[in-house]
Amino acid sequence: MKAEDIHCLLEKAEAVRKKSYSPYSCYPVGAALLAEDGTVYTGCNMENVSYPASLCAERNAIGSAIAHGKRKFSAIAIIGSHEDYTMPCGICRQVMAEFHVPLIICGKSPEDYRTYTLEELFPSSFKAEELIHKENL
Ligand code: THU
């Protein structure tokens, strides 16, 4: 992926981060998901007084894309803290694996980031092929 496209995706993550509803952790996160057709879907974390009901930025972005009928993706960019690279949690990695998001970009800012492949962040994942009812996929 070109550096300018990564920068553009991180800028979108930074913009949606400002919409985060995170009064409990005070840790706003934004994510921008690039679909294969070039459309970008964004999401921010959304917390709840009943903590387990909270949702991460990445899964909100992926959910939005799915609701728009998209199933194929090129990359996801994430910005949480500006002091450190925010790495996706285990549940988000599992969801990224479901939709084969191949590239994960973790940014401190649109200019300062690290990239990882899905295989690097989530190796040896449980595969849909192992299920009996795979014809439903
Ligand atoms: N969070 C995300 O939205 N994405 C991540 O990659 C890491 C964590 C959220 C969950 C919670 O609202 C807050 O950050 C602190 O854990």
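S124 counts as exposed because its relative accessibility is 72%, where exposed means over 50% relative accessible area, buried under 20% and partly exposed in between, with a 1.4 Å probe and protein chains only. S124 is found in the segment after α4 (118-121), helices being DSSP runs of H or I with at least four residues and strands runs of E with at least two, numbered from the N terminus. Although S124 is not a glycine, its phi is positive, and C26, in the loop between α1 and β1, also has a positive phi in a residue other than glycine.

| Residue | Phi | Relative accessibility |
|---|---|---|
| S124 | about 55° | 72% |
| C26 | near 55° | 60% |

This is a predicted model, in which local features need pLDDT of at least 70 and side-chain atom pairs count only at pLDDT 80 or more, while totals for chains, interfaces and linings use all residues. Residues are numbered from 1 along each chain as its sequence is written, and side-chain values use heavy atoms, without hydrogens and water.

S22, which lies in the loop between α1 and β1, counts as buried because its relative accessibility is 11%. Its side chain makes a polar contact (a pair of N or O atoms within 3.5 Å, one able to donate a hydrogen and the other to accept it) with the side chain of S20 at 2.8 Å. Leaving aside neighbours within four places in sequence, S22 is in contact with Y27, P28, N45 and E47, contact meaning heavy atoms within 4.5 Å.

Helix α1 itself (residues 3-17) has buried residues that include I6, L9 and L10, and its buried residues pack against strands β1 (30-35), β2 (40-44), β3 (73-79), β4 (103-107) and β5 (113-117).
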